[in-house]
Structure formats: structure tokens, C-alpha cells
Amino acid sequence: MTTTQITLVQIDNYGPWTVTPEPRREVDLQTLQSRLYADLCQQIGREDGYVFFTRFDNMIAVTNGLDRADHELIQESIDNRYPVSVSMGIGSDASPRTALVDATEVLQTAGSAQDGARTEILGGEVLPEGERTTEDVQIAHFDVIDVTGTYTDRVDAFETFIAIEQGYAALMRYLYEEHDSLSFFVGGDNVIAACPGLSEPSYEDAISHVSGEVDVDLQVGVGRGSSAHDAGMAAKHALEECRHNGTRVERTATADD
Ligand SMILES: Nc1nc2c(ncn2[C@@H]2O[C@H](COP(=O)(O)OP(=O)(O)OP(=O)(O)O)[C@@H](O)[C@H]2O)c(=O)[nH]1
């Protein structure tokens, strides 16, 4: 069984900050957001977690292996170096969807995202070290089959962008509603999903659904591990197997098999 630890990272009181004392230059906000995301990638990644930019003001991380002190250190470091601070809510569950619901509740219970008095909240429980297993995280790494030949080298860049985004939208909704999974666009033609312990037919169904709905053809590599990094690397290797074998779904074997 999987147990995904999810951390919701929310910039404190960001809405008011973007317009106080008057609206700030958009390019400066974009620079701040992308630097903060890169920073979190590095700090969470150092502990083998993954973070996804999501809406930038709210970012979602898979943080199996990060304890409370790791979270605190990241918050302190951000506070010391940025004009904004971040709050973090943590949740753990077999279902990534439920883990995120729990993580979200931690912050919502503490107050509004636009409450100037609610800053640097850290709440929720991390997975106790003794309860972690080598199969806690399941990561699925999707990409569009031959995006280069079908889109990038053939149609204009915006047509390609629309096709990729539509594939992403169809996939994220299907995996969320049918399989409690959280999917994130990570650039190029790639989507990474944090999933519960799904079997191969579930992935085949997801790929067929996206193909039927928006005519975008996907392949997926699936991996398990004790952390997002471990599971994600296994998924990348499995995706290479898809490319090598011409298959749609490849999954590294797990103890559940
Ligand atoms: N984030 C991320 N992006 C990747 C990765 N691999 C490729 N990309 C991106 O995806 C784009 C397309 O690369 P590929 O998916 O290898 O190209 P393709 O033409 O679809 O070829 P096949 O995947 O072999 O069908 C690249 O330009 C990168 O932007 C990855 O592991 N992670």
C-alpha cells in the first residue's frame, strides 16, 4: 500500500502584497514566483521530495522523508531571503487526494490565505520514520508519444501548447476523479502524477480516456519508492522501457504484485 505525504505550500498574504501600496510590476511578480519555486525545488529535492508549481502562490509537494524540522528550516530560509513568507500544511494518506485535503484543511483552519496575521503556519503530521516503507510513493511519468514529430516540428507553437494543455487537463481530471491521483504539468510534454497503488489497467484506461476525449496519445512509466525521487527515477526508467518496447504502460514490479 502507498502512503503519500503531501505538503501544501502557500505564500502568506500574497494577494494583498501584490497590490500594496499599489500594483507591482507583473514581471517582478513572475520573477519572484519562479525563483521561489526553483528554491523550493532545490531545498525539497535535496531531501528527495518533489514540488510542483501548480498555481505558484500555492504549490504542492510530495514530501515523504521530510520531517517537521526539514519543513521549518525551509520556512526560515525563505523568510530570511524573500519579501514573502510561506505556510505549510502536511497530510499523509494512502490516497494522495485525501492527503492533500488534510494538508489543505490545516491551513484553512489556521485562517485565510489573505489574513495578514496568519504567517508561517506549520501544521499536520509527518509520517513517523519507523512507519515508512520502500513502496510508499507511486509516481507515474506521462508524456506525449512523439510530440516532436506530431506537433513541435509540424504545427505552430501555440497549437502545440493547446494540444499539450488539453491532454493535461483531460488526464488530471480523470486521474483525480477516478483514481485519487494528483497530476502536474512539468514542462515540455510531461505530466507527473502522484498516485495510490494503481495497477496497469488503470493507466491504460487513463490513456484511452485522454486519447478519446482530446486525441492526444500518451505513454506512461510508473515507479514505486520510499520517496518521490526514488519513485520518480523508477518511473523515468519505465518510460524509457515504453520508448524501447513501443508499449503504452510500463511499471516497475512492486511487493504488491
Ligand atoms: N520535465 C521533463 N521534461 C522532459 C523530460 N523528458 C523530456 N522532456 C521534455 O519533453 C520534450 C519532448 O521530449 P520527448 O518527450 O523526449 O520527445 P518526443 O518527440 O515526444 O519523443 P518520445 O517521448 O520518445 O515519443 C523535451 O523538449 C523536454 O522539454 C523529463 O524527463 N522531464
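F161 sits in helix 6 (residues 157-179); helices (H or I, at least four residues) and strands (E, at least two) are DSSP runs numbered from the N terminus. The model is predicted, so local features need pLDDT of at least 70 and side-chain atom pairs count only at pLDDT 80 or more, while totals for chains, interfaces and linings use all residues. Residues are numbered from 1 along each chain as its sequence is written, and side-chain values use heavy atoms, with hydrogens and water left out.

F161 is partly exposed, at a relative accessible area of 42% (buried is under 20%, exposed over 50%, partly exposed in between; 1.4 Å probe, protein chains only). Together with F158 and I162, F161 forms a nonpolar surface patch of about 300 Å² accessible area.

The ligand is surrounded by 14 residues, each with a heavy atom within 4 Å of the molecule. The closest are D143, D146, V147, T148 and K236. By class, the shell holds 4 nonpolar, 5 polar and 5 charged residues. Strand 6 (137-144), helix 5 (147-152) and helix 8 (228-245) each supply at least two shell residues. Strand 6 gives the largest share, 3 residues.

Taken alone, the ligand exposes 630 Å², of which the protein buries 58%. Accessible areas come from the Shrake-Rupley method with a 1.4 Å probe; for residues, only the protein chains shown count as cover.

Methods:
Patches are made of residues with over 30% relative accessible area and no salt bridge: like charges are joined within 9 Å, nonpolar side chains (Val, Leu, Ile, Met, Phe, Trp, Tyr) within 5 Å. A salt bridge is a side-chain nitrogen of Lys or Arg within 4 Å of a carboxyl oxygen of Asp or Glu. Ala, Val, Leu, Ile, Met, Phe, Trp, Tyr, Cys and Pro count as nonpolar, Asp, Glu, Lys and Arg as charged, and the others, Gly among them, as polar.
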